[in-house]
Amino acid sequence: MNVPEPQIATQDDVRLFIGVIGDEDTTLGFLLAGVGEASILPAKNYMMVTKDSSVTDVEKFFLALYQNSKIGVILVASDVWHYLLPVYNGMIKRQLPIVLEVPMKSTMTTPLKLKEREVVKKKTEFDGKS
């Protein structure tokens, strides 16, 4: 059985990586999906933001990711994004990295619960007309 050789970064390596800034659940989810990269990048490409994290530290990490030429996409959890928006708006924009706001588990539950209530309401109205 042939086992593939491990990939080794070369000078002409053109792969781009994903950076993640978010709460523990969001960051851990992306790390489990394989986003974390420690062997090729000079610094880690993710930051778990906790209640103890300062806004300044998060801003510095975001700027470091944005200036890293190996980062192609930066994913920022929605609750962290509103802290970074003033910094991002003041920056000179480039084509890469692409910065995306991703919803968190807590922001997704409210719309899902509202949708569920709407479905139940329609079902009970339909059953009442029978």
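## A tour from the sheet to the aromatic cluster

Three bridges join β1 to strand β2 (residues 46–48), and the two run parallel. Strands pair here if DSSP finds at least two bridges between them. Helices (H or I, at least four residues) and strands (E, at least two) are DSSP runs, numbered from the N terminus. This is a predicted model: local features need pLDDT of at least 70, side-chain atom pairs count only at pLDDT 80 or more, and totals for chains, interfaces and linings use all residues. Residues are numbered from 1 along each chain as its sequence is written, and side-chain values use heavy atoms, with hydrogens and water left out.

**Whole chain.** Start with a cartoon view. The protein has four helices and four strands. From the N terminus on, the order is β-α-β-α-β-α-β-α. Of the 130 residues, 29% are buried. Buried means under 20% relative accessible area, exposed over 50%, and partly exposed in between (1.4 Å probe, protein chains only).

**Strand β1.** Select residues 17–22. Five of the six residues in β1 are buried. Pick V20: its bridge partner in β2 is Y46. Now pick G19. Which residue is its bridge partner in β3? The partner is I74. In total, five bridges join β1 to β3, and these strands also run parallel.

**Strands β3 and β4.** β3 and β4 pair in the parallel sense over five bridges. Zoom in on V73, which stands opposite I98 in β4. Then show helix α3, residues 78–89. Together with β3 and β4, α3 makes a right-handed β-α-β unit. To check the hand, point the strands away from you: the crossover is right-handed if the path from the first strand over the helix to the second runs clockwise.

Select N68, in the loop between α2 (55–67) and β3. Is N68 buried or exposed? N68 has a relative accessible area of 18%, so it counts as buried. Leaving aside residues up to four places away in sequence, N68 touches L41 and P42.

**The aromatic cluster.** Show the rings of F62, Y66, W81 and Y88, which form one aromatic cluster. The structure holds four aromatic pairs. F62 and Y66 make a tilted one, 6.1 Å centre to centre with 35° between the planes. For Phe, Tyr and Trp (its six-membered ring), rings pair if their centres lie within 6.5 Å; planes under 30 degrees apart count as stacked, over 60 as edge-to-face and the rest as tilted. F62 and Y66 are four residues apart in helix α2, so about one helical turn separates them. The relative accessible area of F62 is 0%, so it is buried. Y66, at 3%, is buried too. Next, W81 and Y88: their ring centres are 5.4 Å apart and their planes stand at 55°, so this pair is tilted. Both W81 and Y88 are buried.

**Around Y66.** Stay in helix α2, where Y66 lies. Not counting residues up to four places away in sequence, Y66 touches I74, Y88, M91, I92, K93, R94, P97 and V99. Draw a line from Y66 to V99: their C-alpha atoms are separated by 8.6 Å, at 33 residues apart along the chain.

**L63.** Select L63, also in helix α2. L63 is partly exposed, with a relative accessible area of 31%. Beyond residues up to four places away in sequence, L63 touches V87 and M91. The C-alpha atoms of L63 and Y88 are 8.8 Å apart, across 25 residues of chain.

**Last stop: P97.** P97 is found in the loop between α3 and β4. Most peptide bonds are trans. The one from L96 to P97 is cis, with omega near 5°.

Key:
Contact = heavy atoms within 4.5 Å.
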